[in-house]
Amino acid sequence: MKVHYNSQHSNSNTNQGAYKPNSNPKNTQSQSSTAKGGSKYFEGNKKGEVNELKQLLKNTVHEKDDKKRREIIKKVIAYMTLGIDVSRLFNEMCMHSYTNDQVAKKMIYLYLVNYAEQNQDDIVMAINTFQKDCGHKDPKIRSMALRSLCSLRFSGSFDYLLPAINTALIDIDSSVRKVAVLGCVKVFYVSPDTIKGNSDIIKQLYDMIKDKDPLVITNALSALQEILDKDFKITQKMIIYLLNRLKEFPEFSQSQIINLTATYTPKTEQETFDIMNLLDDRLKHSCCSIVLATIKVFLAFTKNYEHIISSVYQRVKAPLLTLVTSCEMSGQFEIAYIVLQNILFLVSKGGASHFEADYKQFYVKADETSYIKETKLSILENLANENNIGDLLNELGEYVTDVDYNMARNSIKTLGNIAIKIKDMAVPIIKQLSTFISMKREYITNQTVLKYPQYFSEIGDVINQTVDFISETESKIALYWILGEFGEHIPNSPYIIENLIVSEEFNESLDLKHVLLSSSIKLFLKRPPEMQQMLAQLFKNIMQNEQEDIDLKDRAAFYLRGMQHDINEFKNCFLDGEQPVIDDFTEDDEEIKAKDEFSFNSFAVLYKKAPEKYIKNYQYFAIQRKREAAEEEEQEVQKQQELQKESKFQSEQQEIDQNLNVDQNQLPQTEELNLLDINSDPVYNNQNTNNFENNNNIQQGIILDHLSENYYYDPDEFENQWEKLDDGASLTRMLNPDLQITEEDLDGLFKYYRIYSVATGEEDGVIKFFLYAHHTQSNNLVLIDAEFNFNDKSVTINIKCENEELTSQFSKFMEELLNYSQILNV
């Protein structure tokens, strides 16, 4: 909570430090806290900086020193960045825009754009400022003004914006034209029909493709693609013109133009070769983006020419491998990952035969990142064939012993996938996998058992070694499936199943129960004497468990009735035929079909999703803008309601103040006279008691004349006296639920009734006051601790005084004061 000392009275001095303590000519050094536990309210606080800036801006409107002007504007921007409201400086900042200093202009535009959106009354002034500078003689200022004008998110600004854009599109300076093109896109996202339906702007954008400046051409192409989308017409003349000027463009623009070329469909085979010849030298470029974009053109243009597709793969292989090597050597692993993913796309789409001879290029290195290693393993899986399988098995076998947990698992996964791909090598690979089980590492055993358990009939003698090292549910499911399929070849298989049936692991997974049920029945049909009691126990555990899954219960009952009806017929049905090998790790038909829609050198290769699933079209942004506009309108309505409440409160407060200023001769002299009236003779409860025996005897009520005006009390003395005094009167009341009041308002109200503060502070909806008042008739000082909590709408007041009777009377005085001011809820 930030707390400041209040400047007390007109005859008191004020410190010029970080806070302002109450002071008098005799004591100007007091800066301590005022009450027990209240030191946190006495933090430093500066006030009036915005007013000072406002005055500085006014005084420097005609300042010729640009550096001095910049420093003042920098301070305004710094305050705005910190979240301080400097909207009051709007007019002054507009006046300062009449300068030729580009640095000052840029900061002023930033300020105007920020606050013009928040205050619709000032937006016309900002628009006029931008419009004026759009015709400035300096092209840099013209471009900055147009950029700022386009940044105004205000639908009414289109009437001013479109003429400025039309003028800027034909500006003599290229920087202004670049901004104008981007301004078309900004307007398009806010109001698509405004641009898309304007044929003059669309025609001008097409004409700008022949602009002298390469960056203007790039912006024009981007704008047309965004605005027209599929309606953007790409002609042969346009493509040839852009490719002939390609070397004039920077790398990013080259990549953009080449990617645009990939969307063009040549009309003849000769035209295809002409364009490919123009781009052939780009395959030797050092920029990864340009090389990949060029390869994309080659693949797109030759997809229907089967007789040359092989030559294309052979041509693009060397640049791709060179990119991977150079990126790895320079430590650019992120770029290397993108290139590898595109290579993976190629080898999985029929280009594996062209990379098979270079499979060693994709061996994993120890210092590579995990995503690079995983991608290389996927490439090696696709490049595996009968000629290189021996080297790959040895290499992948080394990876299994890697200290990296995920690397070992992925290596086993790759071996399993190769076993499915190359049928003749399945048995050798499975035997190699069996050697990993003997390593007795839990994560290796889990992954080894999980991979295609259909082949474990070849190595049944190692099953017993896996039981103690399998912890994952999926691996357990694979193991118990093996025991059901090949249990007749594994001597201990019934006892392994028995251990699970009687253990707590039986309930860890519903899928595990389903597999265990089917495997137990299969093993019973093959080895009845050993499995009879175990199967009976399993049926009992499932059928008699009220909490068991209903589907599992129904399946168990179905199996049981089938065996009871005719065990031989049930056996023929249950064990009939061999199950086909199913590759759980290869993509299904739907995924393969979706992958055909992927584009080389696009995010689709990385995301494994079709582009339309992750690219938002302009309709999405239009909907977002409408939603934001609705939210802004709702906030504006709430703001107006709050202003109305505040205005109502202020008018009511003024009415109260007017009533308090009524001359005492016009007030009725009755016992019911309000206690807070000023200069009134009647007193609280007893208006006939006007004499005191001594300072310890006070009137039975308090009026304003009984309190000293402009009385000063030292903050240090306040704190010491508060700690010495015993607990006095205390009251807690509920605040008016419609109350809208600030710390300054409350402080002014107390001063009005000659109750002065030594410290105030506000934090998280709680306003704290440390107050005092001097009672002249008894010469006693009353100390007050008041806390206004606007979170739970309550006020708590603690009062201490040496005179207990005065404490009680002052408590009533405070309650009447707050009640009369409509602060309390009555």
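The model is predicted; local features need pLDDT of at least 70, side-chain atom pairs count only at pLDDT 80 or more, and totals for chains, interfaces and linings use all residues. Residues are numbered from 1 along each chain as its sequence is written, and side-chain values use heavy atoms, with hydrogens and water left out.

Start with confidence. pLDDT is the predictor's confidence in each residue, on a scale from 0 to 100. The protein chain averages 77. A score of at least 70 is reached by 77% of the residues. One is residues 1–47, where pLDDT stays under 50. The model has 125 contacts for that stretch beyond four places in sequence; a contact means heavy atoms within 4.5 Å. The other is residues 440–453, with pLDDT under 50 and 59 contacts beyond four places in sequence. Where pLDDT is low, predicted coordinates should not be read in detail.

Next come the rings. Rings of Phe, Tyr and Trp (its six-membered ring) pair if their centres lie within 6.5 Å; planes under 30 degrees apart are stacked, over 60 edge-to-face, and the rest tilted. By this rule the count is 23 aromatic pairs. Phe188 and Tyr189 make one that is edge-to-face, with 5.7 Å between centres and 65 degrees between planes. Phe188 is buried, at 0% relative accessibility. Tyr189 is partly exposed, at 23%.

Phe718 and Trp722 give a stacked pair, because their ring centres are 6.1 Å apart and their planes meet at 10 degrees. Both residues lie in helix H33 (residues 715–724), four residues apart, about one turn of the helix. Helices (H or I, at least four residues) and strands (E, at least two) are DSSP runs, numbered from the N terminus. Phe718 is buried at 0% relative accessibility, and Trp722 is buried at 7%. These two rings belong to a cluster. Ring pairs link Tyr713, Phe718, Trp722, Tyr756, Phe770 and Tyr772.

A ring can also sit under a charge. The rule asks for NZ of Lys or CZ of Arg within 6 Å of the ring centre and within 35 degrees of the ring normal. Lys132 lies over the face of Tyr98, 4.4 Å from the ring centre.

Now the salt bridges. Side chains of opposite charge can pair when their charged atoms come close. A salt bridge here is a side-chain nitrogen of Lys or Arg within 4 Å of a carboxyl oxygen of Asp or Glu. By this rule the count is 25. Arg142 bridges to Asp171, with the closest N and O atoms 2.9 Å apart. Arg142 is in helix H6 (residues 139–151) and Asp171 is in the loop between helix H7 (158–168) and helix H8 (174–190), so the pair ties together parts 29 residues apart in sequence. Both Arg142 and Asp171 are buried.

Asp727 and Lys800 form another salt bridge, at 4.0 Å between the closest N and O atoms. Asp727 is in the loop between H33 and strand E2 (729–734), and Lys800 is in strand E6 (residues 794–800), so this pair ties together parts 73 residues apart in sequence. Asp727 is exposed at 71% relative accessibility, whereas Lys800 is buried at 10%.

Asp747 and Lys751 meet at 3.8 Å, N to O, in a salt bridge. Both lie in helix H34 (residues 743–752), four residues apart, about one turn of the helix. Asp747 is buried at 8%; Lys751 is partly exposed at 27%.

Lys317 deserves a look. Helix H16 (residues 306–329) holds Lys317, which is buried at 13% relative accessible area. Beyond four places in sequence, Lys317 contacts His354, Phe355 and Asp358.

Finally, the backbone. Asn710 has a phi near 55 degrees, a positive value in a residue other than glycine. Asn710 lies in the loop between helix H32 (618–660) and H33 and is partly exposed at 38%. Asp764 also is not a glycine, and has a positive phi of about 50 degrees. Asp764 sits in the loop between strand E3 (756–763) and strand E4 (766–775) and is exposed at 63%.

Notes. Buried < 20%, exposed > 50% of the residue type's maximum accessible area, 1.4 Å probe, protein only.
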